[in-house]
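Here is a briefing on one structure.

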Amino acid sequence: MIDYGFQGKVALVTGGGSGIGRATALAFARSGASVTVADVDDKSGGETVELIAAHGGRAFYSHCDVSDGAQVRAMIRQTIDRFGRLDAAFNNAGVNDISADEYRDEVWARALSINLTGVMLCMREEAEVMLKQGGGAIVNTASINGLVGNPGQPAYSASKHGVVGLTRHGALRWAQAGIRVNAVCPGVIQTPMTDPLVADPQMKQLIDSMTPMGRMGSADEVAQAVLWLSSDAASFVTGHPLVIDGGATAV
Ligand code: NAD
């Protein structure tokens with residue numbers, strides 16, 4: 001693993017209790033950062049903190065529904081109270097109820113409020129702290145569904161296209177203030193979100209066959225991209241939606 005040099009720095013990860021968020025929280029901690037793990041699932045968020053502590057890292061759990069502005073503000077305040085600053089923020093919490101009819105009002109509203117409004121609320125509060133500090137790096141989780149069309153999931157697709165737009169907005173707005181804003185656009189990644197899909201061997205085979213590299217990605221492979229984008233190694237990279245999809249959108 002490459003050491004991206006987060007010693008003495010502070011990172012926060014939303015949706016840090018599971019999948020891509022957990023892998024990234026662990027990677028930040030391994031690289032030396034103190035980490036705020038934010039989630040709505042207190043059990044899994046607490047487990048991520050325990051995993052970090054078991055490896056000698058420093059982390060704390062904050063219960064935070066990213067679609068609630070007051071909870072987001074409280075989570076950021078707790079981070080500053082606990083660790084004193086915020087260098088890297090990974091706005092990753094998201095939902096994808098693959099079997100739901102996303103044209104139903106409540107399904108549409110839930111996807112947009114968590115996947116898109118949640119990213120905006122976090123980014124807004126993080127930027128306020130980073131502006132006072134004189135800089136920082138923000139990475140938002142979009143998806144390849146934020147770059148190409150998806151006939152079955154209007155809400156998920158619209159929310160992730162929105163995340164890419166919001167990322168470009170943030171990059172331009174804060175470019176002169178030392179805050180870089182980028183996005184990751186994963187293809188199909190093996191996490192609890194996709195476990196129900198791949199439980200069916202035929203579906204797993206279909207998913208693998210749709211990816212030129214012939215397999216799903218791992219949460220660690222996304223985490224490495226997030227650390228790079230958040231690090232000084234990417235100091236001239238901003239407004240970029242980085243595709244991590246085994247070639248799925250190259251065809
Ligand atoms: P996951 O279900 O394993 O993890 C998502 C985490 O977000 C969970 O811990 C969940 O409790 C948390 N969460 C849900 N709603 C929340 C809320 N309102 N506030 C705070 N936390 C909340 O899923 P994952 O696969 O790790 O997905 C992480 C992100 O990556 C999501 O934004 C997802 O859309 C995106 N993504 C995933 C894939 C994939 O194939 N797994 C592909 C592209 C993009």
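Arg85 and Asp87 join their side chains in a salt bridge, at 2.7 Å from N to O. A salt bridge here is a side-chain nitrogen of Lys or Arg within 4 Å of a carboxyl oxygen of Asp or Glu. This is a predicted model: local features need pLDDT of at least 70, side-chain atom pairs count only at pLDDT 80 or more, and totals for chains, interfaces and linings use all residues. Residues are numbered from 1 along each chain as its sequence is written, and side-chain values use heavy atoms, with hydrogens and water left out.

**Salt bridges**

- The structure holds 9 salt bridges.
- Arg85 counts as partly exposed, at 33% relative accessibility. The classes are buried under 20% relative accessible area, exposed over 50% and partly exposed in between (1.4 Å probe, protein chains only).
- Glu47 bridges to Lys43, with the closest N and O atoms 3.2 Å apart. Both residues lie in helix H2, 4 residues apart, about one turn of the helix. Helices (H or I, at least four residues) and strands (E, at least two) are DSSP runs, numbered from the N terminus.
- Glu47 is partly exposed, because its relative accessibility is 30%. Lys43 is exposed, with a relative accessible area of 62%.
- Glu125 pairs with Arg124, and their closest N and O atoms are 3.3 Å apart. Glu125 is buried at 12% relative accessibility. Arg124 is partly exposed at 37%.

**Aromatic pairs**

- There are 2 aromatic pairs. The rule takes rings of Phe, Tyr and Trp (its six-membered ring) with centres within 6.5 Å; planes under 30 degrees apart count as stacked, over 60 as edge-to-face and the rest as tilted.
- Phe6 and Phe28 have ring centres 5.1 Å apart and planes at 90°, so this pair is edge-to-face. Phe6 lies in the segment before strand E1 (10-14) and Phe28 in helix H1 (residues 19-30), so the pair ties together parts 22 residues apart in sequence. Both Phe6 and Phe28 are buried.
- Phe60 and Phe83 are also an edge-to-face pair, at 5.8 Å centre to centre and 65° between the planes. Phe60 sits in strand E3 (residues 58-63) and Phe83 in helix H3 (residues 69-83), 23 residues apart, so the pair links distant parts of the chain. Both Phe60 and Phe83 are buried.
- Arg82 places its charged end over the ring of Phe60, 4.4 Å from the ring centre. The rule asks for NZ of Lys or CZ of Arg within 6 Å of the ring centre and within 35 degrees of the ring normal.

**A buried helix residue**

- Thr48 is in helix H2 (residues 42-54). Its relative accessible area is 0%, so Thr48 is buried.
- Beyond four places away in sequence, Thr48 touches Gly16, Gly17, Arg22, Ala25, Leu26 and Val37. Contact means heavy atoms within 4.5 Å.

**Surface patch**

- Leu147, Val148 and Val243 make a nonpolar surface patch of about 190 Å². Patch residues have over 30% relative accessible area and no salt bridge; like charges are joined within 9 Å, nonpolar side chains (Val, Leu, Ile, Met, Phe, Trp, Tyr) within 5 Å.
- Leu147 is in the loop between strand E5 (136-141) and helix H5 (154-173). Leu147 counts as partly exposed, at 34% relative accessibility.

Terms used: Accessible areas come from the Shrake-Rupley method with a 1.4 Å probe; for residues, only the protein chains shown count as cover.
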